[in-house]
Amino acid sequence: MSEDERWSRVAVTFIFVVCISFFSVMFKAYLNGRFDSIDTLRLYIQEFGYLAPVVLTLIQAMQVIVPIIPGFFGCAVGAILFGSMGGFIINYIGICLGSLGAFMAARKYGEDFVNSIFNKEKYIRWANRASDTKSYTWFLLFTMIMPLFPDDFFCFFTGLGKMSFKKFALIIFLGKPWCILAYSYGFAFLLQ
């Protein structure tokens, strides 16, 4: 084994251990009711001090892949703790990372994996729509722009289709900011 391969394995192992540790801490927080409301989540994030923006970013990424909290909770907490623009940036980065992760997980683990997370009937209904790739591309962009749409599902679902990762990433990067901006500025306005 070459030196580069050895370092690569060490890096992958380290990242895996960090991700599992983070997930364990978050799962414990979930079980302890720390994600039950915007207020409990805000108090939990504040406990991390200077690391609070990083923790919120990671929670927002994780909530796309493992839906343990509504995504708008994190958007609200971001606006409360870091202001509308700071909250927007933190949430945008986290949600984009999570969306790309959901796409890649579906691409790697396939239909059985996605069906284990989501309702089979819902999957079948959207499979028929996605067969028309051109109209599905516009539909996907629309779902990423609109608030309160089940866009996490579409991230997984799109990973099962023929759309390239590059095209999906472009849709995420162009579509996601509008919904997150609406949440960030909306919550910041309501909480003044």
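Q: Which residues have the most contacts inside the largest nonpolar core of this predicted model?
A: They are Tyr136, Leu140, Met144, Phe154 and Phe168, within a core of 33 residues. Helices α4 (71-117), α6 (133-145), α7 (151-160) and α8 (165-190) each supply at least two of its residues. The largest share, 12 residues, comes from α4. A second, separate core has 17 residues, including Ala29 and Phe73.

Q: Why is serine 21 called partly exposed?
A: Its relative accessible area is 38%, and the class in between runs from the 20% limit for buried to the 50% limit for exposed; serine 21 is therefore partly exposed. The residue belongs to helix α1 (residues 3-31).

Q: What makes the pair of phenylalanine 113 and phenylalanine 156 tilted?
A: The ring centres are 6.1 Å apart, and the cut-off for a pair is 6.5 Å.

Q: Why is phenylalanine 156 classed as buried, but phenylalanine 113 as partly exposed?
A: Phenylalanine 156 has a relative accessible area of 1%, and buried means under 20%. Phenylalanine 113 has 27%, so the label partly exposed applies to phenylalanine 113.

Q: What makes the pair of tyrosine 136 and phenylalanine 157 edge-to-face?
A: The angle between the planes is 65 degrees, and over 60 counts as edge-to-face. The centres lie 6.0 Å apart, which is within 6.5 Å.

Note on methods:
Residues numbered from 1 in each chain as written. Predicted model: local features only at pLDDT ≥ 70, side-chain atom pairs only at ≥ 80, totals over all residues. Heavy atoms only, no water. Core = buried A, V, L, I, M, F, W, Y, C linked by side-chain atoms within 4.5 Å. Buried < 20%, exposed > 50% of the residue type's maximum accessible area, 1.4 Å probe, protein only. Helix = DSSP H or I, 4+ residues; strand = E, 2+ residues; numbered from the N terminus. Phe/Tyr/Trp six-rings, centres within 6.5 Å; stacked < 30°, edge-to-face > 60°.
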